[in-house]
Amino acid sequence: METMAFTSPPPVLPATPLPSGEAALIVDVQRDFCSGGALAVPEGDAVVPVWNAFLERSRPQHVYATRDWHPAQSRHFLPIGAWPAHCVAGTSGAEFHPRLRLPPSTVIFSKGTGVEEEGYDGFEGRDEQGAQVAERLRQDGVRRLWIGGLATDYCVRATAASALKLGFEVVLLLPAMRGIDAEGSRQALEDLQRGGAILGHWS
Ligand code: VGL
């Protein structure tokens, strides 16, 4: 049987300024996922100027940033896990990209902090007070998230999938994300769209 090609509506643009209830969720734009980092995503740095322009022009009332914040030894790392050590808490590799201009009010969620945790899903993260992401977003009155970051096929995917499951509207900000694997990233975007995410553009 022939399967129908997956088609999607054209990407949406954000209103500027972003209406209240719409927020930015920036996934793992950290040094180790950018050029020269321990787990560099191809063209990872390219998301930085896109996010800067988006934040400057859309001025979201709420900006959230997730970060991988792993212990030095983790089941997420080789030889048990799949990845070279990266984003170890407190190291320079775990810092946000130095040119990413996060507003001072940005709420940071750390994830993957336990030895047994993979930490792909940003919604597993907690802020400095220990609050969970979903709890915090609801408290802030957020209903729609503009999501991007690194990497499309892993943490962006898992984070956006959780957001959908939890009932948030999800806009995938395409130019503000990059993936590790091209086919994996294409599949991630397709699956997320099937799950209700819409595609967003920004230039
Ligand atoms: C990620 C692979 C391993 C990500 C994290 O942030 O997408 N990918 N750890």
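Let me start with a term: a residue is buried when its relative accessible area is under 20%, exposed when over 50%, and partly exposed in between, with a 1.4 Å probe and protein chains only. By that rule Cys155, at 5% relative accessibility, counts as buried.

Some housekeeping, friends: this is a predicted model, where local features need pLDDT of at least 70, side-chain atom pairs count only at pLDDT 80 or more, and totals for chains, interfaces and linings use all residues. Residues are numbered from 1 along each chain as its sequence is written, and side-chain values use heavy atoms, leaving out hydrogens and water.

Now, the ligand. There are 13 residues around it, and Asp28, His76, Leu150, Ala151 and Cys155 come nearest; being near takes a heavy atom within 4 Å. That shell divides into nine nonpolar, two polar and two charged residues. Here Ala, Val, Leu, Ile, Met, Phe, Trp, Tyr, Cys and Pro count as nonpolar, Asp, Glu, Lys and Arg as charged, and the others, Gly among them, as polar.

His86 puts a polar side-chain atom 3.3 Å from a ligand nitrogen. For these polar contacts, the N or O atoms must be within 3.5 Å.

Finally, the cysteines. A disulfide needs two cysteine sulfur atoms within 2.5 Å, and the whole structure has zero.

Terms used:
Polar contact = N/O pair within 3.5 Å; in protein donor to acceptor, adjacent residues only side chain to side chain.
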